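Here is a short briefing to read alongside the model. It starts with the contact between the two chains and then turns to a few local details.

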Amino acid sequence: MAEPASLADRAAELAGQAGALARNLDLLTHQLTTVQTTPAVVGGPSFVFELTVFVLAVFVGYYVVWRVTPALHSPLMSVTNAISSVIIVGALIAAGPLGVSFAKIMGFVAVTLAAVNIFGGFIVTQRMLQMFQKKR
Amino acid sequence: MSENLSAFFYLVASVCFILALRGLSSPVTARVGNIYGIAGMLIAVVTTLLTPHVVSFWLIILGILIGGTAGTFIALRIQMTALPQLVAAFHSLVGLAAVCVAGAAFTYPELYGIGVRGAIHGSSLVEMSLGMAIGAITFTGSVVAFAKLQGLVTGRPLVFPGQHLVNAALGALLILLIALFVSTEAAPAFWLLLVVSLALGFLLIVPIGGADMPVVISMLNSYSGWAAAGIGFTLSNSLLIVTGALVGSSGAILSYIMCRGMNRSIFNVVLGGFGTEGGTVAAGAGVGDRLVRSGSAEDAAFIMKNASSVIIVPGYGMAVAQAQHALREMADILKKEGVNVRYAIHPVAGRMPGHMNVLLAEANVPYDEVFELEEINRDFASTDVAFVIGANDVTNPAAKTDPSSPIYGMPILDVERAKTVLFVKRSMASGYAGVENELFYRNNTMMLFGDAKKMCEEIVKALE
């Protein structure tokens, strides 16, 4: 007569193990997602690397811009304006995937805004620079 | 395109951008520099379009078509006098684009490989929130600057009690929200951060007066760069980081140069409330009892015709009156008469850095006749005529002699050393700083009252 009782016990034990397994699985998937996403940090450029690039670029900018002749400060401003629209790179990626999402619409808006700036900025710079001419 | 290959092309684009700025060291190389800039942008866009993430093109093409058409149209139609407001408007677009990209990265982080929704990497959260905050400040700040320059709102500084306290509180709230967002990744914190940044950008620029706009525009130029760099950090894109750093430092240097040109600290400008647009308040006081010598266009023509050298000092008033073409005609006739004609430009003349140079270039003034303050200032002593048109404060000797003057210490053009000073002005009103110019009452000064453009045209007639 002990059979059914032990069966029930074993069933309960199994259920408990299944529960533990499920929990383990949860943990594993969670670990997996973190493992999957960490390579972007480990394999890709680390923050310190990016910071290095940034600081060096600030120095390059500093020395290059001090050499710009004051007469061309307006074109400098419009051309920096145009090239800062390189932010379009991020916008293109957001607008790139299939389907419609909030991110895609944001990407579209950003692409449009940046395009105004790129075309407008470079053209107005070109117009200004064409005016600067030497004594004939 | 593989990741390494696209990184390589991004590097090429970065180098192109550096060469674009390098080209501006002389007007001769500047046009080639601009071509480098365009090439860099083209490489960057094509490289991105070839990455495996980008598979749907119709929205992209639509966006580029709309934006490109609008940008081209505006850039071809804009008048050079309106350049400052155009640049301000363009800055606002960069800011808004940065906000949009940050929003996209937050709601769809998988796209950029910075984690999954709800589990974005901590460092990306910091960079994202910073990029968005700076972008939003750039956006509203530039919109205000645009409205002031375009004359949609008064150029007078708008101050209210407790202004700095409100700004400081908003700044503190901004930092708090960033901390909250980074630790919880909560969407409400993100959007609230956006609202606070937008408000802060608005409030920061509102108290700054019209003639401080050269500094404001340079500052916003700098901000737009830092916003791009912030987004670059978020997306781990070195091209964006490099470009943002270039633009950011460029704007910062221009702000510094403009501040130095006014002998004011950047804090003094940012805290705002300086000057009264038009400055008619101070005028009239003490004018009645002092003698002012005023002359006609014929007198001016006679004096300049018989001079051997003339230095023209243009200011914002010349731009407002659109007098640059008439002025150049006058200079051409004088040159034919054998007079040595040169132009002297103060660093803060106009409403943006280098604005006067562009306006003169537009009127076909050769750039080798145009000199900066340091290059020409000692030549005034050996010059027969200084012809000041639409400038005032930048010639005021009080900047050198009167320590109590608000413009004390500002570098000025030493026009008073010339044998004769001709002032083209509409009235005796003081300049932007609200300071009276004692130069008007000197014996060797002759005032030419009238509109700058009309006066030049009359002088041309008298010369012929």
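## Chain contact and local details

Across the interface of chain A and chain B the rule finds zero salt bridges, a salt bridge being a side-chain nitrogen of Lys or Arg within 4 Å of a carboxyl oxygen of Asp or Glu. This is a predicted model, in which local features need pLDDT of at least 70 and side-chain atom pairs count only at pLDDT 80 or more, while totals for chains, interfaces and linings use all residues. Side-chain values use heavy atoms, without hydrogens and water; residues are numbered from 1 along each chain as its sequence is written, with chains lettered from A and ligands numbered from 1 in the order in which they are written.

**The interface**

- Contact (heavy atoms within 4.5 Å) joins 81 residues of chain A to 105 residues of chain B.
- Between them, the two chains bury about 8,500 Å², with 78% of it on carbon and sulfur atoms; buried area is the accessible area (1.4 Å probe) that two parts lose on being put together, summed over both.
- In chain A, the residues that lose the most area to chain B are A:Met77, A:Ile87 and A:Phe132, together 8% of what that side buries.
- The rule also finds 18 residue pairs in polar contact across this interface, both residues at pLDDT 80 or more. A polar contact is a pair of N or O atoms within 3.5 Å; within protein, one must be able to donate a hydrogen and the other to accept it, and residues adjacent in sequence count only if both atoms are side-chain atoms.
- Helix 6 of chain A gives the most to the side that touches chain B, with 27 residues. Helices (H or I, at least four residues) and strands (E, at least two) are DSSP runs, numbered from the N terminus.
- That side of chain A divides into 54 nonpolar, 20 polar and seven charged residues. Here Ala, Val, Leu, Ile, Met, Phe, Trp, Tyr, Cys and Pro count as nonpolar, Asp, Glu, Lys and Arg as charged, and the others, Gly among them, as polar.

**Salt bridges**

- Over all chains the count comes to 10 salt bridges.
- B:Lys335 pairs with B:Glu369, their closest N and O atoms being 2.7 Å apart. The pair links helix 13 of chain B to the loop between helix 14 and strand 5, 34 residues apart.
- B:Glu369 counts as buried because its relative accessibility is 3%, whereas B:Lys335 is partly exposed at 30%. Buried means under 20% relative accessible area, exposed over 50%, and partly exposed in between (1.4 Å probe, protein chains only).
- Salt bridges that share partners bring B:Arg328, B:Asp332, B:Lys335 and B:Glu369 into one network.
- B:Arg342 and B:Asp379 meet in a salt bridge at 2.8 Å, N to O, joining strand 4 to the loop between helix 15 and strand 6 of chain B.

**Backbone and cysteines**

- B:Glu185 is not a glycine, yet has a positive phi of about 55 degrees. B:Glu185 sits in the loop between helix 6 and helix 7 of chain B and is buried at 12% relative accessibility.
- B:Ser236, also not a glycine, has a positive phi of about 50 degrees. B:Ser236 lies in the loop between helix 8 and helix 9 of chain B and is partly exposed at 33%.
- The structure holds zero disulfides over all chains, a disulfide being a pair of cysteine sulfur atoms within 2.5 Å.
- B:Cys456 is buried at 0% relative accessibility, and B:Cys259 is buried at 5%.
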